[in-house]
Each structure stands twice: as C-alpha cells, then as structure tokens.
Amino acid sequence: MLGDQAIALGAIHAGITGVYAYPGTPSTEITEYIQDSLLAKERGIHSQWCTNEKTAMEAALGVSYVGKRALVCMKHVGLNVAADAFVNSSMTGTNGGLVVLVADDPSMHSSQNEQDSRFYGKFAFTPIFEPSSQQEAYDMVRYAFDVSEKYEIPVLMRLTTRMAHSRAVVETSKIREQNEIKFSEDKSRWVLLPVNARRRYNELLAVQPELEKLSCESPYNLYKKGNKLGVIACGIGYNYLMENYPDGCDRTVLKISQYPLPKELIRKVVNECDEVLVIEDGQPFVEEQLRGLLDESGKIRGRLTGELPRVGELTPDNVRKALGFTHDVHFSTSENVVGRPPALCTGCGHRDVYDALNEVLREYENSKVFSDIGCYTLGALPPFRAIDTCVDMGASITMAKGAADGGLFPSVAVIGDSTFTHSGITGLLDAVNSNANVTIVISDNLTTAMTGGQDSAGYEKLEDICLGVGVEKEHLRIVIPLPKNMEEIKNTIREEIEYNGVSVIIPRRECIQTLKKKTRKK
Ligand SMILES: Cc1ncc(C[n+]2csc(CCOP(=O)(O)OP(=O)(O)O)c2C)c(N)n1
C-alpha cells in the first residue's frame, strides 16, 4: 500500500465514523481510498470532500463531540487554513478520538513552502506521530486514536511526501466497531469563554509531563545502544538510516516517531555518545531544540551544521553522506530523469482564458493579474506569462482588491472554481462591500483539477453564490472558453474592465482530463 492508503485502511479498521478533508498533495489519496472502499461504504463512513481545511477540521471536531472517531486530512499549508480550529481543539479537548493527519512536502514538489507541521503540534500542545514505514502508518492510526481517547486530546499525525507516496506490504489487524454516541460530562470545556479557556489551558499544560512519559515508553520510539556515534532519526529518517545499514547499524540509535520529545531517551543518547547526528525530514525541529540557543559543543550535528542540507527533503543518499560513508551507492535515480516543466494540457479551457486576457491587457499600460493556486497557476509560465502573483489559496481576489485600493487599474483576479469556494468567497464580499474596482475571473472547469479531479464544492452554484454575495447581475458574465469564442470573450473582458466596480466573469468549460475519465468510464 501507499503510505496514504495504509493510513486510510488503518483508520477504517480503527473504527472511524468519518474522514473530513480538502484535497492537497501528498494527502489526497487517503480520502480517495476511503471514498472507494466497499468496507467504508458498508460501515456508512462519511467521506465527502469538504469546502476547505477549516470546515473539515471543525466537522471532525463535531464528530468527536458526539463521542465518535474522526480522521481529518490535509496538506501542510492546509493546516494554516485550519489552524484556528486546530489550536482551539486542543483547548476544548476531544470526546471521540480525533486524528489530524497532515502531509508535509519538503522540497516543495507541489507546494509553495516546506513548513514542518510538527511546529503546529508543539504549538497546540498535542501529541505528534510520525511513522517511519507503511506498516507503522497503518498500526499507528489506531494507537493515535487510542491516545486521543485516553487523554481526550486531538493528535497530529505527520507524513512527508515519500512516506505518503511510496509503497510497502502492510499486514492488517482486527476491524474495530465505531463508537456509540455519547457526550462529555464536562460541558463547559466546549465553550471557550475566557473563564473556561483559562482552566482548560492549565489542564492542557498539566497533562504534558504524562504525554512526555508516554513518548518515552512508546513502542514507536526505540532506543538501541551501539558505539559512540549517536543518531536520532525521526519518522522516515529512520527508514533512510536503516537503508544505509543493510546488515544492522552499529551506532547508538534513537528512533523518534512520537512526540512530545522523549527527553529522557534523548539525554541518554547525548550522554553516551561523542557526537549525535539528527536525521529529520523537514525543518530542524528536533535539532534546534537539542542545540538550544547556547550549545557550542558541536556535539549535535544535522541540518544546522551542514551534515545534511538545510533545505529540501531527506534522501537515502544525503543521509548516507551525513553518516560519513565515503564509497558511493546511489539510491536515487532522479539524476537520470530529464526535467519536465509542467504545462497546461492541450485543449484546457484555462489556455483560452489566458489568450483572451493577454490580448485585452496589452491595451493597458499598468494592468496586473493576481492569480491563485490551481492548474491555472501554470499561466505564469511561457507561453502565457499571464499572471503576476500566486501566494496562498484565495489571495487573488483580496490582493486585487488591495491593489485597486492602492490605485492600480486594471486590477484583475484569476481564481479557479474550487479555490473560489475554498477561500475566495469572503474576499469577494470584501470587494463588494467596498465597491472595489476589480475584474474577477473565476475560471470554472467544474472540478478540482490540480489535485486529480475531485468534486468541486461550488458545482452549479457559482452564479448564485456571486449574486448572493452582492455582485450585480449585469456584471456577472458567463462565457465558454473556446478559440472560436475568442472575440466574444475579449469583448466581455474589455467591457467589465471598463466598469467601475466589481465584475465577475465565469469562463466555464469542463476540464478535459475529467471529461476523458468520464468518457472512458461510460
Ligand atoms: C491551503 C491549500 N489547500 C490545498 C492545496 C492544494 N491545491 C492546490 S490547487 C487546489 C485546487 C485547485 O482547484 P481549482 O481552483 O478548481 O483549479 P483547477 O486546478 O481545477 O484549475 C488544491 C486543492 C493548497 N495548495 N493549499
């Protein structure tokens, strides 16, 4: 199974009542697996996509509130969107088990940054789990639900790209029933008024030593005594370490797959070894804590000391180099693969949108196009070079509004249908409320194409949403993005740019990939 699939099956077998998610690489396959699972269907497990990560997190918390188990999945930047709900869920605590699965993307294979979600877990004082193999991913989900239920706290489970997207054989265990509905005896902890929140915060802090003890005794944190060269290997880093020692590792090794940091075990390694190499995929989360502000001993080595690269993902090769092996064994094949820059598909409607937009905007001296995240972001690359920004989901409309406030004309936003419902609607409301002079293009391919064609929450609802938010009917225009309609599309764009207020243009044509899939299915 893929690591993602192992998580999904582990969650079904652990007795979840629902999975709540918004797609995002490399986490998408978890929910897709549950959606396709007959067992999940038989058990009535909820698995419909959510509008964004915050709605997913909150729905999962609602499931937990009634005593049942919920899995919530997202990519790392999704946790920024869900952060308000996530951090506060550790204050309310949970009733049924709640596992928040976040897939990080070091090396940014398909992301805008390589933030490390373990910081969020520490920030919210939740336990964190980080599997080092597919088997562990499967087993750990159940364990994570048990910890969540025992300590009444949400738990964060973190994968990185290679863990999510590589395969291994997984042995399954018994299938557990879902929980019966039940409510917390302590009702006040769910109402985070300051008076309750202060009490809850103290309780959350008070349980931390117990969670740390649990980490020290965890079956997933292994200590093995060896020579004076120590290694602390976290999550998939342990996998890469062992790959370099097919006949067994002679170093002293501490494998970490459960946090808060098992301080006692860490002290043991540091005391027993002359040098300790910290191998972790992502940011130097553990290494930085070990070095502290004043550590000049040079004993702790890793990403901060140059043994491992400061940025990008771990590989068996860069781990090998850090371990001091001089003879080269290359695990990686990537250097033999020719780079293939991404491009919009031939026949994609976004192409026609950009062709029209480029032609019209050439007529203006200072136009800027604020775009967003999706397939249409590829409009930044040749031959289009049609967009000027892409920051985070939803930022197109709001940035266009801000730029218009600052005097830019024409100020244009381009956003996809799924991104619009994810986090563009509130920005549109801001633009309407201040009657900003912006032209907004919602390029509607009727799906969430970038992540593989998941259902789009605003399907057949975009016009009603825009009108409901307050866009004027005459300035809500629909076009069909096809080369034969080029003149009509250009005229529509021209007219709406010239209108001094909020205009929305919806070019609508189905994504050719989902169309192909549907035809094949038929
Ligand atoms: C906060 C966040 N969540 C999820 C993603 C992953 N992601 C990137 S683009 C995208 C959706 C794109 O769909 P849409 O806006 O309809 O554009 P399309 O790809 O269909 O052109 C998603 C889910 C992300 N980058 N950031």
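Residues are numbered from 1 along each chain as its sequence is written, and side-chain values use heavy atoms, with hydrogens and water left out. As the model is predicted, local features need pLDDT of at least 70 and side-chain atom pairs count only at pLDDT 80 or more, while totals for chains, interfaces and linings use all residues.

**The open sheet**

- An open sheet with mixed pairing is formed by 5 strands in the order S6-S8-S7-S10-S11; strands (E, at least two residues) and helices (H or I, at least four residues) are DSSP runs, numbered from the N terminus.
- Strand S6 (222-224) and strand S11 (300-301) stand at the edges, each with a single partner strand, so one side of each has no neighbour in the sheet. Two strands pair if DSSP finds at least two bridges between them.
- S6 and S8 run antiparallel and are joined by 3 bridges; Leu222 has Lys255 in S8 as its bridge partner.
- S7 and S8 pair in the parallel sense over 6 bridges, with Gly230 opposite Thr252 in S8.
- Strand S7 (residues 227-234) also runs parallel to strand S10 (residues 275-279), to which 5 bridges join it. Ile232 has Val278 in S10 as its bridge partner.

**Burial of strand S8**

- In strand S8 (residues 251-256), 6 of its 6 residues are buried. Buried means under 20% relative accessible area, exposed over 50%, and partly exposed in between (1.4 Å probe, protein chains only).
- In a regular strand the side chains alternate between the two faces of the sheet.
- Both faces of S8 are covered: Arg251, Val253 and Lys255 are buried on one side, and Thr252, Leu254 and Ile256 on the other.

**Salt bridges**

- The whole structure contains 30 salt bridges, each defined as a side-chain nitrogen of Lys or Arg within 4 Å of a carboxyl oxygen of Asp or Glu.
- One of them joins the side chains of Glu280 and Arg118 (3.0 Å, N to O). Glu280 lies in the loop between S10 and helix H13 (285-291) and Arg118 in helix H6 (residues 118-124), so the pair ties together parts that are 162 residues apart in sequence. Glu280 is buried, with a relative accessible area of 0%, and Arg118 is buried, also at 0%.
- The side chains of Lys401 and Asp405 meet in a salt bridge at 2.6 Å, N to O. Lys401 and Asp405 are 4 residues apart in helix H16 (residues 395-405), and therefore separated by about one helical turn. Lys401 counts as buried at 16% relative accessibility.
- Arg477 forms a salt bridge with Glu496, with 2.7 Å between the closest N and O atoms. This pair links distant parts of the chain, 19 residues apart: Arg477 is in strand S15 (residues 476-479) and Glu496 in helix H19 (residues 486-498). Arg477 is partly exposed, with a relative accessible area of 22%, whereas Glu496 is buried, at 2%.

**Positive surface patch**

- Lys516, Lys517, Arg520 and Lys521 gather in a surface patch of positive charge. Patch residues have over 30% relative accessible area and no salt bridge, and like charges are joined within 9 Å.
- Arg520 is found in helix H20 (residues 512-521) and is exposed, with a relative accessible area of 65%.

How values were computed: Patch = residues over 30% accessible without salt bridge, like charges linked within 9 Å, V, L, I, M, F, W, Y side chains within 5 Å. Areas by Shrake-Rupley, 256 points an atom, 1.4 Å probe, with all protein chains shown as cover. Lys, Arg positive; Asp, Glu negative; His and termini not counted. Charge placed at Lys NZ, Arg CZ, Asp CG, Glu CD.
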